[in-house]
Amino acid sequence: MQQTLSSNLNKGGKTVKLKKLSSLLLAGVLSIGALAGCATPAKDQGTAQDQPKEQKAIVLRMADVHSEDYPTVRANKKFAEIVEQETNGRIKIEVYPSGQLGDEKATLEQVQFGAIDFIRTSIAPLAEFNKDLEVLMLPYLYDDRDHMFKVLDSELGDSFLNGLKDNNMVGLSWYDGGARNFYNSKKEIRSPQDLKGLKIRVQESKLMMDLVKSLGASPTPMAFGEVYSAIQTGVIDGAENNYPSYLSTSHLEVAKYYTLDEHTRVPEMVLASKATIDKLSAEDQAIIMEAAKQAAEFERDEWFKEEQKSEAAAIEKGSIITKLTAEEKKAFQDAVKSIYDQYADRKDIIEQILNTK
Ligand code: GTR
């Protein structure tokens with residue numbers, strides 16, 4: 001490369017060639033950044049003369065374990081679209097679905113050291129890095145989705161979004177992740193006794209392990225993408241998740257018994273790497289914050305529609321859906337009560353959540 005550059009310089013037209021040299025050097029520096037996983041420039045959009053270097057788009061990456069047409073991924077794309085539009089194309093966000101950048105735990109780690117810029121994640125694996133978040137996913141904490149969003153959209157919710165700075169992350173907004181339910185390949189579940197002895201996959205989360213244990217089953221933490229074959233080969237008997245995930249992963253093909261016990265609502269968060277945010281201007285930071293809020297509104301609407309469609313789709317595909325009576329559900333609620341004892345020092349926040357109306 002050095003040879004080409006010096007011969008260019010020797011051929012006259014010095015100003016132009018020098019500008020080319022500086023843009024080549026800049027491209028080199030930026031692509032080193034790309035290798036290190038930092039913000040990367042978009043493809044060359046012209047010569048240095050007609051395209052001042054500050055006009056080059058910054059390309060950022062966003063991870064999600066869900067597939068292309070899942071509500072969260074559609075909302076992530078909305079986020080990217082708004083950011084690109086509001087920055088006049090200066091910032092482009094590439095959304096990588098289906099765990100292409102790694103499983104949830106691994107991608108969360110990468111967000112912390114700035115190798116991935118954004119992630120949409122369940123807070124269950126996130127809480128392994130920031131235990132404070134666990135109070136937001138305690139079993140049977142919220143009456144329903146409206147109650148959950150009253151909490152998340154309050155100052156208390158904001159304090160959790162802003163409480164990740166020590167983990168080198170910045171929370172941007174809250175998505176809906178519905179209520180989680182048990183499903184398995186073996187039998188219908190109507191009570192915690194029915195769960196006894198079943199091997200149930202959980203997210204990589206201590207609280208989720210405790211929860212499943214308190215209900216009598218045996219928890220197996222495992223990455224989301226491995227669950228289908230683990231059920232199919234009998235390594236585990238089942239898992240627990242919301243309706244849209246149960247469908248989109250096709251877990252229903254290998255675990256047809258789905259019980260609407262709604263043992264927990266685990267909020268989902270869009271977050272950014274602090275390293276990425278710190279590199280942007282205050283104006284761009286504000287655009288990103290606002291776009292993430294708008295994307296969350298979009299996701300919540302899409303989620304609601306998706307959940308409505310899910311039951312019919314699951315039944316049509318041969319799932320056996322078990323609805324519990326209030327009394328049957330109470331047996332689940334009673335069994336998990338002991339978990340709250342571990343959070344005695346967070347009693348005030350729990351009370352505040354329970355009293356949010
Ligand atoms: C889904 C959630 C994912 C992932 C997954 C899992 O409901 O949206 O982010 O956490 O559950 O169980 O691993």
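Predicted model: local features only at pLDDT ≥ 70, side-chain atom pairs only at ≥ 80, totals over all residues.
Local features are reported at pLDDT of at least 70 and side-chain atom pairs at pLDDT 80 or more, while totals for chains, interfaces and linings take in all residues. Numbering runs from 1 along each chain as its sequence is written, and side-chain values rest on heavy atoms, with hydrogens and water left out.

The ligand has 13 residues around it, and His66, Glu104, Arg201, Asn241 and Glu268 come nearest (a heavy atom within 4 Å counts as near). Ligand oxygen atoms lie 2.6 Å from a side-chain N or O atom of Glu268, 2.9 Å from one of Arg180 and 3.0 Å from one of Asn242. On its own the ligand has 320 Å² of accessible area, and the protein covers 98% of that (Shrake-Rupley method, 1.4 Å probe).

Asn241 also belongs to strand E9 (residues 238–241), where Gly238 and Glu240 on one side and Ala239 and Asn241 on the other are all buried (under 20% relative accessible area, 1.4 Å probe, protein chains only). Strands here are DSSP runs of at least two residues, helices of at least four, numbered from the N terminus. E9 pairs with E6 (residues 179–184) in the antiparallel sense over four bridges, pairing needing at least two DSSP bridges. Gly238 is the bridge partner of Asn184.

Helix H13 covers residues 282–316, and its end C-alpha atoms sit 50 Å apart, which agrees with the 51 Å that its 35 residues should span at 1.5 Å a residue (1.5 Å times one less than the number of residues). Just after H13, Gly318 takes a positive phi of about 100 degrees.

Terms used:
Buried < 20%, exposed > 50% of the residue type's maximum accessible area, 1.4 Å probe, protein only. Polar contact = N/O pair within 3.5 Å; in protein donor to acceptor, adjacent residues only side chain to side chain.
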